[in-house]
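Dear colleague,

Here is the structure for your files. My notes on what was found follow below it.

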Amino acid sequence: MDNTQPPTNEYNKYLNIFFNPELQQKCSECSGSNTNYIKKAINDNEFVLECKDKNCYWGRKISLNQYVNIDNQVAKLKKEKKSLLYKINNSVRLDNESEFKKIQKRYIDVSNDINTLEKKYTDNKKELMENIDMIYEFSSKLYKLFYDRKKIYEEINHSLVNSKLKGELIKIYKNEKDNITDKRIVDISKNIKLPSTEIKKWFEWFKLSVNYVKDNNTLKEYEQNLQDIKSEFQYNIQNFLNKSYEINTLKKGEIKISNIEMGDKNGDKDGDKDSDKDGDKEKDDDKKIKKRKKIKVNKIKTSGKKL
Ligand SMILES: [Zn+2]
């Protein structure tokens, strides 16, 4: 169970061949030398590709990635666990040892699956929670800044400064910022005839205002980022890779491909609603499935062996 494994080129290569809308697709290995086409077949979560040219022969059976919704899957497994517990009790009561061992094994497997899925859920949730905590801390810091700024504004004697003087103070602060020394403030005080203590308060208020605007913008970025993390979290929960694809090489004649149209009631059976086939390319695959239904595709026939 690993949600990070990227599909290999080989997997993509066979997917592309299988879902190619071209009905009669030539084998790239031997296209020049014969008129054979690649045979295609599908069966639930598996498909088969085969080049039957006698000089070229190759065959692959590919099982698709299977995705589940973690929430639904855990709920399903918990239900099964409960029913297994009931069966275990029954087998103990009836003293049926072989039945007991069989159910016990399944019970352990189901419990492990639940733990793995719940851990995946928690790991995903952890990142989300860490970001929520971080934003909370940052917001608290921002609130303190807002409060300090308000406090100093209230301490300023506004009757001493008209808008023209305020404009001059802003100009000086913009030019000199944090480099303003006490000596410089005394000079300014003489120049504009405003007490040093008042000038200091104004400069402090300017500084806190600039910081507040800056931090407020940062907070907005964090919040935007959190939205992305939330979406990703939702996506990971709904599209958890429960089973990775497998590619098997077929021996000649191992699987018989007979000519059955796709989209009949057997071929169209979707099975478990929770298991999305290839959920990472859902929309893409929807289109492909539509195309796939239009074209004639063979259905896998095995010699009595279930695939
Ligand atoms: Zn070939």
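Two residues are taken to be in contact if their C-beta atoms, placed from the backbone, lie within 7 Å. On that basis, and counting contacts between residues at least 6 apart in sequence, 75% join residues at least 24 apart. Please keep in mind that this is a predicted model.

The chain holds 7 helices and 9 strands. Of its 307 residues, 13% are buried.

The rest of this note concerns helix α4 and its partner. Helix α4 covers residues 163–176, and helix α6 covers residues 196–238. The two pack at an angle of about 65°, with their axes 10 Å apart, and their crossing is right-handed. On the α4 side the contact is made by Leu169, Ile170 and Tyr173; these meet Ile199, Trp202, Phe203 and Phe206 in α6. By class, the residues of this contact are 7 nonpolar, no polar and no charged. As a reminder on spacing, an α-helix has 3.6 residues a turn, so residues three or four places apart point the same way.

As for α4 itself, its 14 residues reach 20 Å from the first C-alpha to the last, close to the 20 Å expected at 1.5 Å a residue. The number of buried residues among those 14 is 0, so α4 lies largely in the open. A residue counts as buried here if 20 or more other C-beta atoms lie within 10 Å of its own. Just after α4 comes Lys177, which takes a positive phi of about 45°.

Regards

Technical notes
Residues numbered from 1 in each chain as written. Predicted model: local features only at pLDDT ≥ 70, side-chain atom pairs only at ≥ 80, totals over all residues. Helix = DSSP H or I, 4+ residues; strand = E, 2+ residues; numbered from the N terminus. Buried ≥ 20, exposed ≤ 12 C-beta atoms within 10 Å, placed from the backbone. Axes fitted to C-alpha atoms, helices over the stretch in contact; angles between N-to-C directions. Left-handed = near helix turned anticlockwise from the far one by under 90°. Nonpolar A, V, L, I, M, F, W, Y, C, P; charged D, E, K, R; others polar. Expected span 1.5 Å × (residues − 1).
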